[in-house]
Amino acid sequence: MLERLEQLNDIGASLSKERDITRLLEKILLAAKTITHADGGTLYRMLEDGKTLRFEILRTDSLGIAMGGTAAENMNFPDLALYNSSGQANDTLVAAYAAIHRVTVNIDDAYTEPNFDFSGTRAFDQRTGYRSQSFLTVPLRNHEGDVIGVLQLINAQRPGSTEVVAFSAADQSLAESLASQAAIALSNRLLLTQVEDLFEAFIGLINLAIDEKSHYTGGHCQRVPELTMMLAEAADQATEGPLADFHMTDLDRYELKIAGLLHDCGKITTPVHVVDKATKLHTLFDRIGLIDTRFEVLKRDAEIATLRQQLALRPVVDAAAEAALRSQNQAALAALEDDRAFLRQANIGGEVMSDADVARVRDIGTSRSWRNPDGVQTRFLTSDELENLCIRKGTLTADERDIINYHIVATIKMLEKLPWPKHLKNVPEYAGGHHERMDGRGYPKGLTRDQMSVQARIMGIADIYEALTASDRPYKPGMKLSQAMRIMADFKANGHIDPDLFDIFLSQGVYRRYAEKFLNPLQLDAVEPT
């Protein structure tokens, strides 16, 4: 008995440490079988309706039956209703009776038991040649007294033999004690799971808010965490090289997953017109339309000026002079149309602008003028329009890029305000480091590789690769795999990303597994090893 009590204590400690509910349920059943010397057992879970028991795990050692839990064979038994259609209690089934009345039922011999229906058990015995004799059925009650499951043990065996005996009072006491500990452990795990689910749902709420602000970032918030975990698992499996000692526990994985989901939460503070700036002149709308209107005004002004000059020739008709005026007008209109086409192209912001193109924008903006709605002759382009149209690369001005970059500062501020539990304490560091560089030229803190965790470096690679290949950005198409990986290789060479992690990213095919799942098939071309 002393040994069994010590075993019960060890079991209780083991149950309290288990995070996975499936393994927890299996441990409960196996521990109960061991401590009572039972040949078989079944564990039922109470469904959320509080009126139905579900078969979770079944074990019978002498028949070699292992179903549910970590076993390969799934449970295929129908749920057990505690009440019939008219609301009457199903007291004929022992598991239902124990759950409904919250009492332990100890039966010496099912074949002579008059109070319960064991017809299903006898049918099972006929098919298998087994004889289900002694039963011990114990309800699992949580801290509020609610039944959350039922533990049923079958055929106690005399220690040291296979002789089937009744479950003793000591067996019942130990099983009830174990059931109490198991119920606490299971309740705690279920509550923690609910809290984790609520927390992740809240994170999803933040990402949904970002998505509603900008449809070009919502997918990013979902894809980066997945790619992060793919690369982290590949690094964890490395058996040689600089990352051979990098390993993650389940808690480490959860921490990194949460960091991935929150890595851009600061974007909720970024103005949507900056996040979604598809062209250089885009604010709340694309101001190229205003410039188009000005060109139309200038074209009409040119036409009006030509007509006035033609009228001035009247009443004398000078065909040559009128032809010259029409020719001048057509040339002026063609020049205006050419300048308009040039500015529309410059507004896209796809390629790097040359010095000549920048000079031409400035020339158009300052040498041309138009009469504004107030009747004042003014420069064709405002200073703000000139600044935006002269952006060398992309669509963002220096100030707007600072606004975009500030999202990571906001992310860190937001995450550092939260009272993280011990197993999530690194979330701010992981999430806040994905814009740092290995050479210390990143932002916001200018950290070097040695100052960053492996997890933060992993997230940096995931963030860049997703951005290069994403096809839902307003300012660029998604790159093909070969182009994206050439850029990533350059980033490895110039100290932007971690070289060891990139080697795993490439050699373990993480980049392609991600691409096959998320990218357009037209983007999937061959990649040369780098």
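## Close-ups of a predicted model

Figure 1. H37 is partly exposed, with a relative accessible area of 32%. To find H37, look in the loop between helix 2 (21-36) and strand 1. Its phi is positive, about 55 degrees, even though H37 isn't a glycine. Why point that out? Most residues other than glycine have a negative phi.

**Figure 2. N155, another non-glycine with a positive phi.** Here phi is about 60 degrees, and again N155 is not a glycine. This time you're looking at a residue in strand 7. Is N155 buried or exposed? N155 is buried, with a relative accessible area of 2%, so it falls under the 20% cut-off.

**Figure 3. A cis peptide bond at P444.** Zoom in on the link from Y443 to P444: the peptide bond there is cis, and its omega is near 10 degrees. It's worth a picture because most peptide bonds are trans. Where does P444 sit? You'll find P444 in the loop between helix 14 (427-432) and helix 15.

**Figure 4. Helix 15 meets helix 16.** For helix 15 (residues 454-469) and helix 16 (residues 481-493), the axes come within 10 Å and cross at roughly 145 degrees. The crossing is right-handed. On the helix 15 side, I461, I464, Y465, L468 and T469 make the contact; helix 16 answers with L481, A484, M485, I487, M488 and F491. Sort those contact residues by class and you get 10 nonpolar, one polar and no charged residues.

**Figure 5. The largest cavity, with a volume of about 50 Å³.** How many cavities of 30 Å³ or more are there? The count comes to one. The largest cavity has a volume of about 50 Å³. By class, the lining divides into six nonpolar, four polar and two charged residues.

Figure 6. Several elements give two or more residues to the lining: strand 1 (38-46), strand 2 (52-60), helix 3 (94-101), helix 4 (119-128) and strand 7 (147-157). Which element gives the largest share? Helix 4 does, with five residues. The lining as a whole splits into 14 nonpolar, eight polar and three charged residues.

Figure 7. A81 lies in strand 4 (residues 80-81). Like H37, A81 is partly exposed, and its relative accessible area is 36%. Set aside its neighbours within four places in sequence, and A81 is in contact with K51 and N90. Now try locating N188, 107 residues apart from A81 along the chain: the C-alpha atoms of these two are separated by 25 Å.

Terms used
Residues numbered from 1 in each chain as written. Predicted model: local features only at pLDDT ≥ 70, side-chain atom pairs only at ≥ 80, totals over all residues. Heavy atoms only, no water. Helix = DSSP H or I, 4+ residues; strand = E, 2+ residues; numbered from the N terminus. Nonpolar A, V, L, I, M, F, W, Y, C, P; charged D, E, K, R; others polar. Axes fitted to C-alpha atoms, helices over the stretch in contact; angles between N-to-C directions. Left-handed = near helix turned anticlockwise from the far one by under 90°. Contact = heavy atoms within 4.5 Å. Buried < 20%, exposed > 50% of the residue type's maximum accessible area, 1.4 Å probe, protein only. 1 Å grid on protein atoms, 1.4 Å probe; cavity = no way out; pocket = protein on both sides within 12 Å on 5 of 7 lines; lining within 4 Å. Points joined across faces, edges and corners; volume = space filled by probe spheres on them.
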